[in-house]
Amino acid sequence: LYCDRHDEPRRQATLTVLEHLFECLTAWLAPILCFTAEEAWLTRNPDSSVHLRVFPDIPEEWQNETLAEKWEMIWQVRRVITGALEVERGEKRLGSSLQAAPEVYLTQNYATNLEGVDLATVGVTSAVSIVEGLVPENAYTLDDVTGGCVIVQNATGDKCERCWRILPDVGLESNLPDLCGRCVSVVQSL
């Protein structure tokens, strides 16, 4: 939300989802968290009460089994990434997850289904390399996730002072030497 341009479709989509979540959660939680739901609601709607609302209708087209299956795979791979990062943190080879650029080994089924997914953002790392193929001997795996494993590598480049990712394109813009390419684009658009 804070790194993308204000008019970026990904940012706008995120804000839309957050708005729907706010509308639904405040209504659903109002009967059991009366005061908290009211306080939350009043921050955005000071002239009405959450207790005067009815539960919102959820459009039928929002239920998408194919998308749900895809996100189940994404969360499984994320669990493997975060598990591998925790091992590296425990061994003091890694501090922040943004210092990592893991290699994620995926089966063909996972690789096909996760095509176009930004696993670096999902895993909160600076970068992710996706490799289709056999599991290396020293890779981190989880017994209940059969589609992927991870080898943690250190991210290469310098730290962007805006998004904190470690990327090779930090400093390429002489006017903004502490920023990565994406952040340079955003700052120049402001």
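Strand 3 and strand 4 (residues 145-151) pair in the antiparallel sense over 2 bridges, where pairing requires at least two DSSP bridges between two strands. Within this pairing, Tyr140 is placed opposite Val150 of strand 4. Strands (E, at least two residues) and helices (H or I, at least four) are DSSP runs numbered from the N terminus. The model is predicted: local features need pLDDT of at least 70 and side-chain atom pairs pLDDT 80 or more, whereas totals for chains, interfaces and linings use all residues. Residues are numbered from 1 along each chain as its sequence is written, and side-chain values use heavy atoms, without hydrogens and water.

An open sheet of 4 strands has mixed pairing and the order 2-1-4-3. Its edges are strand 2 (129-132) and strand 3 (140-142), each pairing on one side only.

The whole structure contains 2 aromatic pairs, defined for rings of Phe, Tyr and Trp (its six-membered ring) by centres within 6.5 Å, with planes under 30 degrees apart counted as stacked, over 60 as edge-to-face and the rest as tilted. The rings of Phe22 and Trp41 are stacked, because their centres are 5.9 Å apart and their planes lie at 5°. Phe22 belongs to helix 1 (residues 9-29) and Trp41 to helix 2 (residues 34-44), so the pair ties together parts 19 residues apart in sequence. The rings of Trp71 and Trp75, with centres 5.6 Å apart and planes at 40°, form a tilted pair. Both Trp71 and Trp75 lie in helix 3, 4 residues apart, about one turn of the helix.
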